[in-house]
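These are my notes from a first reading of the entry, kept in the order in which I looked things up.

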Amino acid sequence: MKKVLKTLLYIIGFPALVALVAYNSLTIYEQGDTYSFWPYVGLILAGVIAIVYTIIFIVTGKNSKKNKGNYNKVKKSVATLVIMSFVLTAGIWLVVDLPFVLPDILETATQGTRKFEQLHEDYNAQAVLHGSLLDDFIKMNVRNGNLSTEERTEEEWLEIGYQSPEVQKLMKQNFVEMDTNGYKTFTSNGPWLNMANDNRLTIPVLVHLLLNEREVNEEVLYYLQADLVPKEIVTDADGDNTFKAPVANEEVETVIHWTILDMQGTPMNIDLSGVIGGLGLPLDTLLPTLSGPLSEILGTVNETLADPALAGAEIYIGLDIRDGGFQIMLSPAAEARGMHGYQNSAWLDSNNLLFAVISIFPARKWLYIWGAVVIFSAVAVAALRLKEYGGKKEKLEEIEEDEPLDTTGMSKYERKVTTAIAERNRMR
């Protein structure tokens, strides 16, 4: 009966904990299913800890049985089990949570753009986010021809995901070019990139970041099956007739220049409704008439910016005159080229490592929570072993060191034996 009870106590400890980690990591496994073993790092870690605990559980059990009747040795054995149950649950994570371990790994993998608290609060949401980065990357590159649909359909590319050598090569090569000829060109000669943060990207700042001369590395090439040169976008008052005329060149590998909007990965809208309205111009009748000339002007501006003699970088420039408004839309060319903004591209470049880090958080959470149950089960097993194998605790008569030993009337042999027993009791 005691053996069955000890087995049940063992099962509700670490085996149950590993099962909880696996169950609470299902979203991570689903989102990172093409990243080999990386999404399973947390489960593997929990499994290794469980194996270590199992070995300790078995060894301390055998030692307790081997030293049956020796209360002190059995007590040390069961104490080892209880202490290790704490060390292998909450104890180990108190060390991992220190700033120089897990937070530092996360800081390195994301270049400081991902914080420990973000993943701690909702690791499943972060897994969905990082899973969508890969899916969206594949979709963008199927659309622009970088990933051929003659070989596979879009659904097949998505199913293979990161396991595809073509996807890995495309992701790595194009990120290196974006990092070298994009991000680093904004940071090497000054804090230009910071000027675009915290809603400080005004028109003068944008013009400055577009026109400032930046050095690029002509040897670092970008793979692009169809080099899309973006043209203007004009939307009429009804939201129809969006004109978009990209031109496909035959370039396969080329040097790409990037704008600050490409680094952000998001468009910039400039609302001029107030300015036009302040001039008293009849927008409803005037703008449809001017949409054609404005389209040509914006197209000319875009081509001028794309000229290597000026900015050497493309952006989509368009108008949004829906609902009586008047907005100039500036959109990056990164998506047409098959890239996210720089931050998301950097995350995608380290996505396998990030999935490994994300997978640790369910293990961390349940080793903290269920660790209390593991410790409780270890204490209960220890009590059963102590009762079963410990025997009765010896009650020794204590003799004070300064109390003289009375050997009156004893023979020489009796005095030696009595003195030896008293010395042994003192040592205990």
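Is Asp349 buried or exposed, going by relative accessibility? I looked this up and found that Asp349 counts as buried, at 19% relative accessibility, where buried means under 20% relative accessible area, exposed over 50%, and partly exposed in between (1.4 Å probe, protein chains only).

Before going on, I noted that this is a predicted model, in which local features need pLDDT of at least 70 and side-chain atom pairs count only at pLDDT 80 or more, while totals for chains, interfaces and linings use all residues. I also noted that residues are numbered from 1 along each chain as its sequence is written, and that side-chain values use heavy atoms, with hydrogens and water left out.

**Salt bridges**

I followed up the partner of Asp349, which is Lys172, and their closest N and O atoms are 2.9 Å apart. Asp349 lies in helix 16 (residues 342-349) and Lys172 in helix 10, so this pair ties together parts that are 177 residues apart in sequence. For helices I rely on DSSP runs (H or I, at least four residues), numbered from the N terminus. Lys172 is partly exposed, with a relative accessible area of 44%.

Helix 10 (residues 165-187) also holds Glu166, and I found that Glu166 forms a salt bridge with Arg152, with 4.0 Å between the closest N and O atoms. Arg152 sits in the loop between helix 8 and helix 9 (154-160), 14 residues from Glu166. I recorded Glu166 as partly exposed at 34% relative accessibility, and Arg152 as partly exposed at 23%.

My next pair was Arg143 and Glu335, whose closest N and O atoms are 3.4 Å apart. The two residues link distant parts of the chain, Arg143 being in helix 8 (residues 123-143) and Glu335 in helix 15 (residues 334-337), 192 residues apart. Arg143 is exposed, at 56% relative accessible area, whereas Glu335 is partly exposed, at 48%.

**Helix packing**

Staying with helix 8, I checked how it packs with helix 17 (residues 351-369): the angle is about 165 degrees and the axes are 10 Å apart, the axes being lines fitted to C-alpha atoms over the stretch in contact and the angles running from 0 to 180 degrees between N-to-C directions. Helix 8 and helix 17 are therefore roughly antiparallel, a term for angles over 145 degrees. Among the residues that meet here are Tyr123 and His130 in helix 8 and Phe355 and Trp366 in helix 17, contact meaning heavy atoms within 4.5 Å.

I then turned to helix 2 (residues 14-23) and helix 4 (residues 41-66), which pack at an angle of about 180 degrees with their axes 10 Å apart. That makes helix 2 roughly antiparallel to helix 4. The residues that meet include Phe14 and Val18 in helix 2, and Leu43 and Tyr53 in helix 4.

Which residue has a positive phi although it is not a glycine? I found Ser36, with a phi of about 55 degrees. Most residues other than glycine have a negative phi. Ser36 lies in the loop between helix 3 (26-31) and helix 4, and Ser36 is partly exposed, with a relative accessible area of 48%.

Conventions. Salt bridge = Lys/Arg side-chain N within 4 Å of Asp/Glu carboxyl O. Parallel < 35°, antiparallel > 145°, perpendicular 65-115°, else oblique.
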